Amino acid sequence: MRVLGIESSCDETGVAVWDSDRGLLAHTLFSQIDLHRAYGGVVPELASRDHVRKLLPLIKETLALAGITLGDLDGIAYTAGPGLIGALLVGAATARALAWALDLPSIGVHHMEGHLLAPLLEVGAPQPPFVALLVSGGHTQLIEVTAVGCYRLLGDTLDDAVGEAFDKTAKMLGLPYPGGPELARIAAAGPTSHYRFSRPMCDRPGLDFSFSGLKTQVLLAWQKSDQSLATRAAIAHAFQEAATETLSIKCLRALAATGQRTLIVAGGVGANLRLRERLAEAAAREGFRLAFPRLKFCTDNGAMIAFAGAMRLAAGLHDTAPIQVRVRWPLTELLEVGG
Ligand code: KG4
Ligand code: ZN
């Protein structure tokens, strides 16, 4: 089955073709970073308008790269939520119109299921059951995955998502949008210093997270400091240490609580090299299996949507209702499609 995947939930237009026999045939991505930088964050209406401009050219380019035409497709998948309503509607309307014109089945994919399945795009990837750490700009969740579509929420953030904490902390430190990767870049250069921030909610049992207090600690430290470039790097370093160690501690707890021996990590913060390094150390020490998507498939992309959509279409699921997108959509509401 050959599926076109369309991602347009936020500030990236992503398109890909997944072939269930031959794997990923092509993928393209257009990032709107330059468009939103002047505003210090994503402006939803500008995002929607840019998806309108970029989506059809990207679809044409992706099909050409894959060496196929629209007539070679067996289905169309698109992100149906969660995300920005206008941005989602651009992808959904385009996908549904194409599917209708080509008389193909279409399927609305949950953006976080796309992220969660992204490690499975790799050859030899682990299959469920496993524990998944989903870390993005909007989510920080630990999930027990017993089959594709069968998701048990083990832990969630009580306030900010970890990606959001990276972004807000970066902004406080005067770093340009998008903050997360910028903060990680200067943290890598930052010296080990006398700054040390707490590992929130690690001193009590449980698998939930809270990152807003950590952000406040950073703000206070920054306000009291000399605000030099060296101090900024040192504070960024200490923030990254606190955030990644917190995630690592909770991952080990989740593995112990469920008895699972495999951890997969997905979502934009999964691109953080310090997090990858910490979890690799823990996996070697504790003897569990660890899998990440390749770096470019940690952040938003069309490949994960084509792949997740192909799994659902192959299980016989497809859209029936009129075009529907969801700004909020709990992952645990999805139907199981098998292991
Ligand atoms: O998955 P994603 O592309 O979009 C959402 O679904 O939210 O994740 C974006 C988030 C942003 O908060 C961004 O700052 C963060 O992932 N991020 C990073 C890194 N790369 C992206 N955070 C820390 N370190 C990175 N290297
Ligand atoms: Zn995402």
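**Entry 1. Conventions**

I take helices (H or I, at least four residues) and strands (E, at least two) as DSSP runs numbered from the N terminus. The model is predicted, and I note that local features need pLDDT of at least 70, that side-chain atom pairs count only at pLDDT 80 or more, and that totals for chains, interfaces and linings use all residues. Residues are numbered from 1 along each chain as its sequence is written, chains are lettered from A and ligands numbered from 1 in the order in which they are written, and side-chain values use heavy atoms, with hydrogens and water left out.

**Entry 2. Salt bridges within helices**

I count a salt bridge where a side-chain nitrogen of Lys or Arg is within 4 Å of a carboxyl oxygen of Asp or Glu. My search of the whole structure returned 20 salt bridges. In helix α6 (residues 179-189), R185 and E182 stand three residues apart, about one turn of the helix, and their side chains form a salt bridge of 2.9 Å, N to O. For accessibility I use relative accessible area: buried is under 20%, exposed over 50%, and partly exposed in between (1.4 Å probe, protein chains only). R185 is exposed, because its relative accessibility is 52%.

In helix α9, E277 and R274 are likewise three residues apart, and their side chains are joined by a salt bridge of 2.5 Å, N to O. An α-helix has 3.6 residues a turn, so residues three or four places apart point the same way.

I next looked up E122, which forms a salt bridge with R294 with the closest N and O atoms 2.9 Å apart. E122 is in the loop between α4 and β6 (130-135) and R294 in the loop between β10 (289-291) and α10 (302-314), so the pair ties together parts 172 residues apart in sequence. E122 is partly exposed at 25% relative accessible area, and R294 is partly exposed at 33%.

**Entry 3. The zinc ion**

Which protein donors does the zinc ion (ligand 2) have? I find H111 (NE2), H115 (NE2) and D300 (OD), lying 2.0 Å from the zinc ion. Donors here are N, O and S atoms within 2.8 Å of the metal (3.2 Å for Na, K and Ca); water is not among the atoms, so sites may look incomplete. Along the chain the donors follow the spacing H-x3-H-x184-D. H111 and H115 both belong to helix α4 (residues 111-117), four residues apart, and both are buried.

**Entry 4. Two domains**

By an automatic or database domain assignment, the protein chain is divided into domain 1 (2-117 + 297-333) and domain 2 (127-292). Taken over C-alpha atoms, their centres are 27 Å apart. With contact meaning heavy atoms within 4.5 Å, 19 residues of domain 1 and 22 residues of domain 2 take part. I record about 1,600 Å² of buried area between the domains, 73% of it from carbon and sulfur atoms; buried area is the accessible area (1.4 Å probe) that two parts lose on being put together, summed over both.

**Entry 5. Residue Y151**

Leaving aside neighbours within four places in sequence, its contacts include E113, L116 and L334. Y151 and L334 are 183 residues apart in sequence, yet 7.9 Å apart in space, C-alpha to C-alpha.
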